[in-house]
Amino acid sequence: MYHVKQADIVIIGSGAAGTMSAIYAHRADPGLKVVVLDKSKMETSGGAGRGMDALNTVALPPYSQPEDVVELMTKVTEGILDQQVAYRFGEICPRMVADLEQIMEREKGDLFPVDENGNYRLMYLHPIDKPLLLPMDGEEMKRALAHAVRQTGAEVMDRTPAIKIVTSGGKVCGVLAVNIRTGHYYYIKTKAVCLTTGAAGRMGLASSGYLAGTYEFPGCSGDGYAMAYEAGAELVNMECFQANTLLKDHQGPSCGYVAAPRGAYTVNPWDERTWSHGYSSGDSKMGAWKRFTQGRGPIYLKMDHLDEQMIQIIEKIQWGNERTSRGLFHQSREQNYRNAHAVELAFAEEVGVCGGHSSSGVLSDTTGVSNVPGLYVAGDVDGGLPHSYLGGALAMGGLIGEEAAHYASGIPEPEQRTGLKAWLRKEAAEFEAPLGREGGLPTSLVEFKARARVQYYLKPPKNPVFLEKAAWWMERIRQEDLPRIQAVSLHDLFKVQEIKSILTVGEMMARSSLFREESRWGYQHWRVDMPAKKPEWEGVWVVIKKGEGGEMTLAKRQSPAHQWEYPTSMEYAYPDLEFDTGPMFQKGPEWKNPKDDPWMKAHLDAQGMATPRRFMAKEEN
Amino acid sequence: MSQVNGVEYGEKDFSWLKFDRERCVRCGVCVDMCPMDVIHFGSQGYPYMRYRDDCWYCDVCTFMCPRQAIVMEELPYLIR
């Protein structure tokens, strides 16, 4: 069944960024019609659905200033960013924090800690000399944000993911969505879209083999990346992978950001530290990689030197929100924070891409708009603001809500594509095709294969042969498996859509990594065939865009000139990968096989053919 | 009973969420709130893990249940 709706702004994804977009769009212009789409349920969806314990990167005077955010982001991106976007984010942090307190109806000092002068008390974590981490008692954040969105009068469509962003004349004009519980299609005519769909986090398959065992919320399968790409948006830094140190098998955060500011650090069984700071940057990832590759794993979160009160604080935070099942997980493995080498961590178990934890996504400017007029991005799908975490999602989510409202207020209804009804029928038929198949490939099997290939061929260190193979596999699965995939329910049907997104993002990761002919960001883009940073790539984005003929196009683009002069590198060097494994087996003079193999020759003579019998047509009786 | 990828997932099949039918009043909060669409109503209107292998073990269901009728007894087999 088709429903056609009219809106001024459609928000795709109601996580932290999307809910703030809806709230700020309403504030900017209460007369606008806002529709919020979510694959899940707004009250509990996204990475912060169960809660969150901190705003990992924010600037709050007097402890830190917007310039400090610029310094951090310049350093960890190694200079490849638009500093003005980082500064803009830093500027609006105080507003975002105050708004969050008001939305959650919390007193100052209750939601966030304050010092004796009433200033927000930030903590040190980042590889600069300023504190940028704000702890938070955020268990109820998503419920409060969702409540505020519903109060704006926005039409919230839960369980209704978008499957296409539609453009006309190069501008946003509509969104196609489907309800995964009813099977109803919705075409929503709109002037603007706020794309807040999160990371491409369901990419590389972790070694547990459990498909939903992901670090990012598993609904974040890169749909936003793929939809934006199909709509003509430019994506950047798709070669700067996210590869984390996580709780082995659980895939929950190692919680370096909770434990490290409170005195914990990571060590291997010989108590060698993996790196000098807890922040998840390319250099610290390189340190973790080295430990494992040297056979000096696993890595542990070291907390046994902390006093009991501090351990209880860490437990309360880590077990109290975000991924609360970690308490049960530790219990089942008899892992106690008070013991040495208790909490086992694994590294790079699932490679993916993310704007919030790394810097990959849709390129946006200081207003959050992409190169497609009317398409705004924020949160983990946003590549314009790197390393922004939850604070960036909330602040820039609000910003794009405002900006989209200003844009939508000032333009007439966009032209729709011609033959809309026929197009809708075609899209729906294509989307539903896997439901009608009998005896096809199960979705879980195809997803397993695609993600296993992503993990094997894309996990750094990268080389061009592996990268080519990754791209080849994405295309092969697209051509060979997708036409045979079978969905057995509406719930299952959307997985086909998610697999398509995984394949598109996987190909972007591979092609972008091939295109950037150097190494950069430590482990995140480490080409063993080109293990050095090159001057010609300084400040240069790899921009991916869909070409006129439907092909994936890549180009170099210089990021804007820096206004602030900060260091553009982290402290690491690429390791030399020449291993001396000692003398190998040497063949003696007698060690040779005859040129003619008498046994094989006898068989061939007896059969009278060079082809094994099983390949020949059966003889007629 | 539902079929997922050719596998029948019954209400009594192995699952790590336990729904206490003494406490559950079939209000549907868990069905409504599960972010991964795992929980659906089964026989007699009681919830169960219909799409078991999509569970993110996020604990939202036990947290949101107004009757404390759901217990996450363990984590998914492949990761626990």
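I started at P298(A), which sits in the loop between α7 (282-293) and β14 (299-302) of chain A. The model is predicted. Most peptide bonds are trans, which is why I noted it.

I then looked up P461(A). This proline is in the loop between α12 (443-458) and α13 of chain A.

Next I went to phi. Most residues other than glycine have a negative value. Q251(A) is not a glycine, yet its phi is positive, about 65 degrees. I found Q251(A) in the loop between β12 (245-247) and α6 (256-259) of chain A. Is Q251(A) buried or exposed? Its relative accessibility is 1%, so Q251(A) counts as buried.

E322(A) gave a positive phi of about 65 degrees too, and E322(A) is not a glycine either. I placed E322(A) in the loop between α8 (308-320) and α9 (325-332) of chain A. With 14% relative accessibility, E322(A) counts as buried, because the cut-off for buried is under 20%.

**A buried arginine**

I picked R516(A), in the loop between α14 and β20 (540-546) of chain A. R516(A) has a relative accessible area of 0%, so it is buried. What does its side chain make a polar contact with? I found the side chain of E239(A), at 2.9 Å. I listed the residues that R516(A) touches, leaving out those up to four places away in sequence. Among them are I80(A), W521(A), H525(A), R527(A), W537(A) and W541(A).

I turned to the second largest pocket, which holds about 820 Å³ of space. Its lining has 31 residues, and K164(A), E230(A), E430(A), K500(A) and K546(A) are the closest to its centre. By class, I logged 13 nonpolar, five polar and 13 charged residues in that lining. Elements of chain A that each supply at least two lining residues include β7 (162-168), α5 (223-230) and α14 (490-515).

How many cavities of 30 Å³ or more does the whole structure have? I got seven. The largest cavity holds about 140 Å³. Of its 13 lining residues, the closest to the centre are K39(A), I180(A), H491(A), E498(A) and M36(B). I logged five nonpolar, two polar and six charged residues in the lining of the largest cavity.

Notes:
Residues are numbered from 1 along each chain as its sequence is written. Chains are lettered from A and ligands numbered from 1 in the order in which they are written. This is a predicted model: local features need pLDDT of at least 70, side-chain atom pairs count only at pLDDT 80 or more; totals for chains, interfaces and linings use all residues. Side-chain values use heavy atoms; hydrogens and water are left out. On a 1 Å grid over the protein atoms alone, a cavity is a set of points where a 1.4 Å probe fits but cannot get out, and a pocket is an open set with protein on both sides within 12 Å along at least five of seven lines; lining residues have an atom within 4 Å of a point. Grid points are joined across faces, edges and corners, and a volume is the space filled by probe spheres set on the points. Helices (H or I, at least four residues) and strands (E, at least two) are DSSP runs, numbered from the N terminus. Ala, Val, Leu, Ile, Met, Phe, Trp, Tyr, Cys and Pro count as nonpolar, Asp, Glu, Lys and Arg as charged, and the others, Gly among them, as polar. Buried means under 20% relative accessible area, exposed over 50%, partly exposed in between (1.4 Å probe, protein chains only). A polar contact is a pair of N or O atoms within 3.5 Å; within protein, one must be able to donate a hydrogen and the other to accept it, and residues adjacent in sequence count only if both atoms are side-chain atoms. Contact means heavy atoms within 4.5 Å.
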